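Hi,

Here is the structure I promised to pass on to you.

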Amino acid sequence: MGRDRESAAAADVDGRGGRTELNRPRYVTLPIILVLALIGYVYYVTVFCVIEDWLGLRTASGLGNAATFTAFAIMCLTTYAIAVLRDAGHVPSSFLPDMEDPQVMVQEIKRKGGDLRYCQKCSHYKPPRAHHCRVCKSCVLRMDHHCVWINNCVGHANYKVFFVFMLYTVIACIHSLALLLGFAYDVHKGQVHSGGSLKTSHIIYGVLLFPLTLAVSILLGWHIYLVAQNKTTIEHYEGVRATWLAKKAGNVYAHPYDLGTYENLVLVLGSNILCWICPTSSHIGSGLHFPSSYHSRLETMPR
């Protein structure tokens with residue numbers, strides 16, 4: 001009976017690792033236009049204003065920095081496009097929780113009543129870690145949050161590519177900021193031999209670039225913390241409340257999906273460390289169930 005349910009749910013997923021595609025139209029929204037314009041602006045100023053005025057694009061150092069920054073910009077654009085276009089992963093319409101499957105050791109229930117979580121809007125049960133998005137109007141597997149900057153949910157199927165996008169964005173911003181500060185330092189010391197000098201455009205760029213770098217670095221740091229704990233943003237705030245309630249009752253709360261830092265990284269980013277910075281997601285599975293710390297405890301118990 002339980003296996004039939006699993007097979008029925010599997011029939012609703014595609015061949016790329018268990019993701020259900022939602023036929024929601026993709027719109028080019030104002031935030032997306034702003035992100036693309038910002039990427040283009042940062043790239044233009046960095047290469048054709050900072051590098052050109054400081055090192056020159058005909059020198060080895062100038063050409064090398066321009067090529068490196070171009071590679072980062074291409075990865076930013078590529079991963080951003082994938083994050084926008086890739087479906088976050090939605091619950092198959094035929095999904096039913098399998099209470100008899102010994103591999104599924106975590107069944108999430110409602111706070112009130114203790115019933116299995118059921119979405120009244122989508123008219124189906126919710127798998128563990130899935131939540132309903134009011135913007136997308138559907139339940140999203142392992143939902144982290146809805147991001148207006150990609151006009152899409154960040155969930156099971158596109159979380160890694162969203163994470164990698166932030167990583168390349170931070171690297172590109174730090175690279176650009178380092179070039180700008182190096183240029184400003186050499187101008188201050190009078191060591192710029194190409195005749196370049198700080199202009200109003202450089203100062204305006206610096207005023208915009210510094211808070212941008214700080215903001216995306218904080219966001220990346222937040223998601224590094226979440227990945228290391230194998231949590232979503234929603235689960236973090238749910239865990240804060242659960243910890244408070246457990247402490248109030250004299251108990252200790254432990255996040256059920258925390259397998260240890262390295263295992264958490266592997267589960268989200270893949271087993272091949274070299275692919276952690278690539279927008280690949282063949283390792284993520286169906287998103288209908290996840291290994292939990294209870295599995296680890298059973299495996300370590302003496303038989």
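Along the sequence, the order of elements is α-α-α-β-β-β-β-β-β-α-α-α-α-α, which comes to eight helices and six strands. Helices here are DSSP runs of H or I with at least four residues, strands are runs of E with at least two, and both are numbered from the N terminus.

Please keep in mind that this is a predicted model, in which local features need pLDDT of at least 70 and side-chain atom pairs count only at pLDDT 80 or more, while totals for chains, interfaces and linings use all residues. Residues are numbered from 1 along each chain as its sequence is written, and side-chain values use heavy atoms, with hydrogens and water left out.

Of the 303 residues in the protein, 43% are buried (under 20% relative accessible area, with exposed over 50% and partly exposed in between, for a 1.4 Å probe and protein chains only). The accessible surface is about 16,300 Å², and carbon and sulfur atoms hold 64% of that (Shrake-Rupley method with a 1.4 Å probe; for residues, only the protein chains shown count as cover).

Now to the helices. The axes of α4 (residues 159-189) and α5 (residues 200-229) come within 9 Å and cross at roughly 145°; axes are lines fitted to C-alpha atoms, for helices over the stretch in contact, and angles run from 0 to 180 degrees between N-to-C directions. The residues where α4 and α5 touch (contact means heavy atoms within 4.5 Å) are 21 nonpolar, seven polar and no charged. Nonpolar covers Ala, Val, Leu, Ile, Met, Phe, Trp, Tyr, Cys and Pro, charged covers Asp, Glu, Lys and Arg, and the others, Gly among them, are polar.

Both α4 and α5 are also among the elements covering the buried residues of α7. In α7 (residues 261-269), those buried residues are Asn 264, Val 266, Val 268 and Leu 269. Gly 270 follows α7 and has a positive phi, near 110°.

For Cys 147, the nearest cysteine sulfur belongs to Cys 153 and is 9.5 Å away. Cys 147 counts as buried because its relative accessibility is 8%. Cys 136 sits in the loop between β3 (131-133) and β4 (138-140) and is buried too, at 5%.

Best wishes

Notes
Disulfide = S-S within 2.5 Å.
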